[in-house]
Protein chains: 2
Amino acid sequence: MEKIKPRTLSGFMELLPQQQMQMDRIMETIRSVYALYGFTALDTPIIEASEILLAKGGGETEKQIYRFTKGDSDLSLRFDLTVPLAKYVALHYSELSFPFRRFQVGKVYRGERAQRGRFREFYQADIDVIGDESLDITNDAEIPAIIYTLFSRLGLKRFQIRINNRKILNGFYAILGLSEKSGDIMRTVDKIEKIGADMVRAILVDDYAISEADAGEVLKFIAIRGTNAEVLAALEQYRGKNAMFDEGLDELTTVARYLGGFGVPEENFAVDLTIARGLDYYTGTVYETTLLDHPEIGSVCSGGRYDNLAEYYTTKQLPGVGISIGLTRLFYVLGEQGMLNPEVPTAPADALILPMTEDLSAAVALATAIRGAGLRAQLYTEPKKFKAKMNYADKLGVPFVLFLGDDEIRDGIVSVKNMKSGEQVKVAPAEAIELISAFVAAQNANAPILDI
Amino acid sequence: MEKIKPRTLSGFMELLPQQQMQMDRIMETIRSVYALYGFTALDTPIIEASEILLAKGGGETEKQIYRFTKGDSDLSLRFDLTVPLAKYVALHYSELSFPFRRFQVGKVYRGERAQRGRFREFYQADIDVIGDESLDITNDAEIPAIIYTLFSRLGLKRFQIRINNRKILNGFYAILGLSEKSGDIMRTVDKIEKIGADMVRAILVDDYAISEADAGEVLKFIAIRGTNAEVLAALEQYRGKNAMFDEGLDELTTVARYLGGFGVPEENFAVDLTIARGLDYYTGTVYETTLLDHPEIGSVCSGGRYDNLAEYYTTKQLPGVGISIGLTRLFYVLGEQGMLNPEVPTAPADALILPMTEDLSAAVALATAIRGAGLRAQLYTEPKKFKAKMNYADKLGVPFVLFLGDDEIRDGIVSVKNMKSGEQVKVAPAEAIELISAFVAAQNANAPILDI
């Protein structure tokens, strides 16, 4: 028979078992931290009607979308988790309680040009809090506090959550009389880390016909640096010139104050006036999160406050605040940087049981006892040579191999080999379970990410 | 602005938060049981090249598939988890260890005609053990033992795993000289529960030109009933007439014997000669699982032994045995039957904290302590009236509301209201945590499915 060459599409991450376990551990940590903060899990369809997903229309996204017809239906694969959330909240509005706190960890699809480290199928891990008509500003402070807790549990240390407020930016541009150009300016300023201040100035002056003086004011403004207290103090000097600016400054000041209260250390967040987020729908607080030793990655976790989640589907005013982790890309980068901790369980089992007798009942009983203790046990029953069995155990990377022969069964014991140390002991099954449990507990206590 | 009516595509399950938590608990139980038996998790892409997914070609499946082009690529959404596994094993053969034990819980897509209880996007939850050239028959017995453990943990009681062996069927048809028609016969016999014995006989005689005598033999054969021991004894009477039959009988006898050894009670499995499985690639043991009180649902968990997993992609001989749960349909049916246990946690939080002071620091500290104990806590900070806050707690279904006012903060205590009993106590935070923990632990001990 003619064989078809097996392949996985480029831009689609497919992991080997050991890597998959590392990914799953990160995902599990994300889910559990989100849940600890009272967010409920959603799992919306990957396929939606195109008219739903593209309600907003236009832009880069539409070109990247996977869109097709099936029968009479014009369908698309979701390209983020926010649009499906908007649909969900509009559709199920009367069945939900507000503030509605949901998390979703799911695959999304964008047919981007394939390149190293860019994915067409990737996981996003989102949280959002949606209010009905209003939503308190404390939520804007809790969201980065959750990210701080999560990243810390994942093992990340050298990261910074950078915060700004779009009202401050919009207010500032209004003060300069540049409101109509504020979108262009923000998109340009957003690139300052990549292209530098001089290039930003040139684009503002040449492309957007902003005066040298105003461009200077813009650059001076976004150059405000210092501790969070210093930046907020510098912003106070602009107060009283524009109502929106003042409102944004109040919000930012409140968020910065609460963030400390929520337990986020000063070194892990920064008021940063260069953060604008390209997306139009952010209207207040905006976030980006960078790994301090890997600025080249850009933001690994971004989001912000929006006035109206579901305006394309409902007349209800549904303000919200949320944040999203680009998980697949983050995992890829962590792997590239050697930051995935190998000292977490990556073998398919904690113990491989090798029965040395025809009758398997003793081995099955032992496996059942081990599993009863919450440990993962595999029974190896292939009729292979001893050496082949040990090779298999070695390749799998199981930490323990358990031998059960006639002697062991007669004496009610089991031979336990620690595959790393090579040490082998004969102990009662209960003792074997304790031994394995202690090892697994120590492994499980390790964070999935190494960040020195 | 013109609004687009929010909707979810028909045939796509989208759950409300409470139901989603029930679904997630079932899924979590599946994953954890699969992991306990030493299966490693895979997460392959949902999109594959069409030439890969359709390598086998033809059949009902091809019509149902979601297939489309993106740029120059001919793409399809996976319609099961077996074909992607075959590709995965062929592609990563040299990096895997055999027997390769993997589980995957993931969404698959079939554009079936929409009808109640039929889904176009649905979860399958699969395990497979793949051998390299050979795979011991004990694996055929362990797979249903895993399903038994899983179903028991889920709370199911009245279920039966029905087992047969295709070699017995093929051997039997060879004895009658009907080998060439065995596929047609098996597909017909497979419908006996739906259409009855007389209709099966009529189809065999009229449609497939089988003599009345032979049709009688077929019906007599599949009518063999009794305890497992009785059925196996009845089959012994056919021994010696066909080598394949004898091999199948040996396998089935071995599997039945080991199943007991693996701890599956006699009442939860049955040797059943009517089980054939429609799919061509099963070559030995076959399984179906039925809920005894809901035969109308059909099999909720099916699978079997195959000689060659990946013949379309590789010359390697990779025999395997596996089983698949149609999870979305199962969940739907359980819901319809009122079999989902409401006494598991379905609220987004175990405790809702209502701070009664401007300063949130005490409330944040309390929330942090609660979360540190692994409990889910939500801080409610919207500036609403007390009654609105309690209504919210009520609608969410949180079991406990914690009040923290000036008095409580001064005295180092917290007011804890049990929302079900209405009882309210003032206790130290540590005591509040104990109280909530005890309640949550009791809830978590409940199985997700009710089966009386």
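Reader: Over which ring does the charged end of Arg101(B) sit?

Author: Over the ring of Phe39(B), with the charged end 4.4 Å from the ring centre. Do keep in mind that this is a predicted model. A second case crosses between the chains: the charged end of Lys70(B) sits over the ring of Tyr66(A), 5.3 Å from its centre.

Reader: What else does Lys70(B) touch?

Author: Lys70(B) belongs to strand E3 (residues 67-70) of chain B. Beyond its sequence neighbours up to four places away, its contacts are Lys63(A), Gln64(A), Ile65(A), Tyr66(A), Gly111(A) and Leu75(B). With Lys63(A) there is a polar contact too, in which the Lys70(B) side chain reaches the backbone oxygen at 3.3 Å.

Reader: How should I read the relation between the two chains?

Author: Here is the general idea: two copies of a chain are related by a rotation about an axis and a shift along it. In this model, chain B is superposed on chain A by a rotation of 180 degrees with 0.0 Å of shift, at an RMSD of 0.1 Å. That is the relation of a two-fold axis.

Reader: Which residue of chain B comes closest to that axis?

Author: Phe68(B), whose C-alpha is 3.0 Å from it. Phe68(B) also belongs to an aromatic cluster with Tyr66(A), Phe68(A), Tyr109(A), Tyr66(B) and Tyr109(B). As for the interface, 100% of the interface residues of chain B are also interface residues in chain A, so the copies meet through the same surface.

Reader: Is Ile46(B) buried or exposed?

Author: Ile46(B) is buried, with a relative accessible area of 4%. Its place is the loop between strands E1 (40-41) and E2 (47-49) of chain B. Setting aside neighbours within four places in sequence, its contacts come from both chains, including Ile46(A), Glu121(A), Ser76(B) and Leu77(B).

Reader: And how do I read a pair of aromatic rings?

Author: A pair of aromatic rings is described by the distance of the centres and the angle of the planes. There are 39 aromatic pairs over all chains here. Take Phe172(B) and Phe221(B): their centres are 3.9 Å apart and their planes at 15 degrees, so the pair is stacked. This pair links helix H6 (residues 166-175) to helix H10 (residues 212-222) of chain B, the two residues being 49 apart. Both Phe172(B) and Phe221(B) are buried.

Reader: Why is the pair of Tyr281(B) and Tyr306(B) described as edge-to-face?

Author: Because their planes stand at 65 degrees, with the centres 5.6 Å apart; the angle has to be over 60 for that label. Tyr281(B) is partly exposed at 24% relative accessibility, whereas Tyr306(B) is buried at 2%.

Reader: Which side chain makes a polar contact of 2.5 Å with that of Tyr306(B)?

Author: The side chain of Asp128(B), a residue of strand E6 (residues 121-130) of chain B. The Asp128(B) side chain makes another polar contact, of 3.0 Å, with the side chain of Arg102(B). Asp128(B) counts as buried, at 4% relative accessibility.

Reader: How many bridges join E9(B) to strand E10 of chain B?

Author: Three, and the two strands run antiparallel. Val286(B) stands opposite Gly304(B) in E10(B). On another pairing, seven bridges join strand E7 (residues 159-165) of chain B to E9(B), again antiparallel; there Ile163(B) has Tyr287(B) as its bridge partner. Nine of the ten residues of E9(B) (residues 282-291) are buried, so this strand is largely enclosed by the rest of the structure.

Note on methods. Residues are numbered from 1 along each chain as its sequence is written. Chains are lettered from A and ligands numbered from 1 in the order in which they are written. This is a predicted model: local features need pLDDT of at least 70, side-chain atom pairs count only at pLDDT 80 or more; totals for chains, interfaces and linings use all residues. Side-chain values use heavy atoms; hydrogens and water are left out. Copies are superposed by least squares on the C-alpha atoms of residues with pLDDT of at least 70 in both. Contact means heavy atoms within 4.5 Å. Buried means under 20% relative accessible area, exposed over 50%, partly exposed in between (1.4 Å probe, protein chains only). Helices (H or I, at least four residues) and strands (E, at least two) are DSSP runs, numbered from the N terminus. Two strands pair if DSSP finds at least two bridges between them. A polar contact is a pair of N or O atoms within 3.5 Å; within protein, one must be able to donate a hydrogen and the other to accept it, and residues adjacent in sequence count only if both atoms are side-chain atoms. Rings of Phe, Tyr and Trp (its six-membered ring) pair if their centres lie within 6.5 Å; planes under 30 degrees apart count as stacked, over 60 as edge-to-face and the rest as tilted. A charge sits over a ring if NZ of Lys or CZ of Arg is within 6 Å of the ring centre and within 35 degrees of the ring normal.
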